[in-house]
Amino acid sequence: MSGEAQSPPDYRYKIRAVADVLDQGNADDLQNINTSPLPNGALCYVIAKRAGYVLDKFSDASADGSMVYAPIAGPGRWVLAGATTG
(Lines give C-alpha, C1' and ligand atoms only; values in the text may rest on other atoms or scores of the structure.)
Protein backbone atom coordinates (compact mmCIF):
# COMPACT_ATOMS: atom_id res chain seq x y z
CA MET A 1 0.00 0.00 0.00
CA SER A 2 1.33 3.44 -0.88
CA GLY A 3 1.91 6.27 1.57
CA GLU A 4 -0.80 8.47 0.06
CA ALA A 5 -3.72 9.56 2.23
CA GLN A 6 -6.83 7.43 2.06
CA SER A 7 -10.20 9.10 1.56
CA PRO A 8 -12.94 8.36 4.10
CA PRO A 9 -15.17 5.39 3.24
CA ASP A 10 -18.35 5.98 1.27
CA TYR A 11 -20.96 4.46 3.57
CA ARG A 12 -23.59 4.33 0.83
CA TYR A 13 -21.78 1.35 -0.58
CA LYS A 14 -21.06 -0.44 2.69
CA ILE A 15 -23.63 -2.98 3.67
CA ARG A 16 -24.47 -3.29 7.32
CA ALA A 17 -26.03 -6.59 8.36
CA VAL A 18 -28.57 -6.70 11.16
CA ALA A 19 -30.35 -9.67 12.68
CA ASP A 20 -33.96 -8.57 12.31
CA VAL A 21 -36.23 -5.61 11.63
CA LEU A 22 -37.37 -4.70 15.11
CA ASP A 23 -36.26 -6.29 18.34
CA GLN A 24 -36.71 -3.92 21.27
CA GLY A 25 -33.72 -5.48 23.00
CA ASN A 26 -31.34 -5.11 20.07
CA ALA A 27 -30.20 -1.56 19.28
CA ASP A 28 -28.66 -2.74 16.00
CA ASP A 29 -31.88 -3.97 14.41
CA LEU A 30 -33.11 -2.06 11.35
CA GLN A 31 -35.76 0.18 12.90
CA ASN A 32 -33.50 0.96 15.87
CA ILE A 33 -30.72 2.47 13.71
CA ASN A 34 -30.55 6.27 13.94
CA THR A 35 -30.55 7.39 10.31
CA SER A 36 -29.39 10.97 11.02
CA PRO A 37 -25.66 10.33 10.46
CA LEU A 38 -26.21 8.04 7.46
CA PRO A 39 -26.19 9.27 3.86
CA ASN A 40 -29.18 8.91 1.58
CA GLY A 41 -28.85 5.53 -0.15
CA ALA A 42 -27.17 3.71 2.76
CA LEU A 43 -27.67 -0.05 2.56
CA CYS A 44 -28.63 -2.55 5.25
CA TYR A 45 -29.03 -6.31 4.92
CA VAL A 46 -31.59 -7.88 7.29
CA ILE A 47 -30.49 -11.44 8.02
CA ALA A 48 -33.87 -12.72 9.28
CA LYS A 49 -35.64 -11.49 6.13
CA ARG A 50 -32.78 -12.33 3.75
CA ALA A 51 -33.36 -8.95 2.14
CA GLY A 52 -31.58 -5.69 1.58
CA TYR A 53 -33.03 -2.29 2.45
CA VAL A 54 -32.03 1.13 1.14
CA LEU A 55 -32.33 4.30 3.20
CA ASP A 56 -34.42 6.95 1.44
CA LYS A 57 -33.82 9.97 3.69
CA PHE A 58 -36.45 12.02 1.84
CA SER A 59 -39.30 9.51 2.04
CA ASP A 60 -42.24 9.82 4.39
CA ALA A 61 -44.08 6.81 2.97
CA SER A 62 -46.32 4.85 5.31
CA ALA A 63 -44.47 2.00 6.99
CA ASP A 64 -46.12 -1.26 5.96
CA GLY A 65 -44.14 -3.80 7.97
CA SER A 66 -42.59 -5.60 5.00
CA MET A 67 -41.41 -3.26 2.24
CA VAL A 68 -41.12 0.04 4.12
CA TYR A 69 -39.92 0.64 7.69
CA ALA A 70 -39.72 3.90 9.60
CA PRO A 71 -36.64 4.38 11.79
CA ILE A 72 -37.18 5.12 15.48
CA ALA A 73 -34.78 8.09 15.20
CA GLY A 74 -33.76 10.10 12.17
CA PRO A 75 -35.30 11.00 8.82
CA GLY A 76 -36.52 8.84 5.99
CA ARG A 77 -37.60 5.27 5.49
CA TRP A 78 -35.85 1.94 4.98
CA VAL A 79 -37.22 0.61 1.68
CA LEU A 80 -36.89 -2.94 0.40
CA ALA A 81 -34.19 -2.90 -2.29
CA GLY A 82 -35.85 -2.62 -5.68
CA ALA A 83 -39.14 -1.28 -4.28
CA THR A 84 -40.30 2.31 -4.71
CA THR A 85 -42.14 4.51 -2.23
CA GLY A 86 -43.86 6.65 -4.87
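View 1. At 5% relative accessibility, Tyr 69 counts as buried; buried means under 20% relative accessible area, exposed over 50% and partly exposed in between, using a 1.4 Å probe and protein chains only. What you see here is a predicted model, in which local features need pLDDT of at least 70, side-chain atom pairs count only at pLDDT 80 or more, and totals for chains, interfaces and linings use all residues. Residues are numbered from 1 along each chain as its sequence is written, and side-chain values use heavy atoms, with hydrogens and water left out. The structure holds one aromatic pair. Rings of Phe, Tyr and Trp (its six-membered ring) pair if their centres lie within 6.5 Å; planes under 30 degrees apart count as stacked, over 60 as edge-to-face and the rest as tilted. The pair links distant parts of the chain, 16 residues apart: Tyr 53 sits in strand 3 (residues 51–56) and Tyr 69 in strand 4 (residues 68–69). Helices (H or I, at least four residues) and strands (E, at least two) are DSSP runs, numbered from the N terminus.

View 2. Is Tyr 53 buried or exposed? Tyr 53 is buried, with a relative accessible area of 2%. On strand 5, Leu 80 stands opposite Tyr 53, and strands 3 and 5 pair in the antiparallel sense over four bridges. Two strands pair if DSSP finds at least two bridges between them. Tyr 53 is also the bridge partner of Cys 44.

**View 3. The hairpin of strands 2 and 3.** Strand 2 (residues 43–46) has a covered face, Cys 44 and Val 46, and an uncovered one, Leu 43 and Tyr 45. Four residues lie between strand 2 and strand 3 in this hairpin, and Arg 50 in the turn has a positive phi of about 50 degrees.

**View 4. Ala 70 in its loop.** Look for Ala 70 in the loop between strand 4 and strand 5 (77–80). Ala 70 is partly exposed, with a relative accessible area of 23%. Which residues does Ala 70 contact, leaving aside its neighbours within four places in sequence? They are Gln 31, Ala 63 and Arg 77, where contact means heavy atoms within 4.5 Å. The C-alpha atoms of Ala 70 and Leu 30 are separated by 9.1 Å, though the two residues are 40 apart along the chain.
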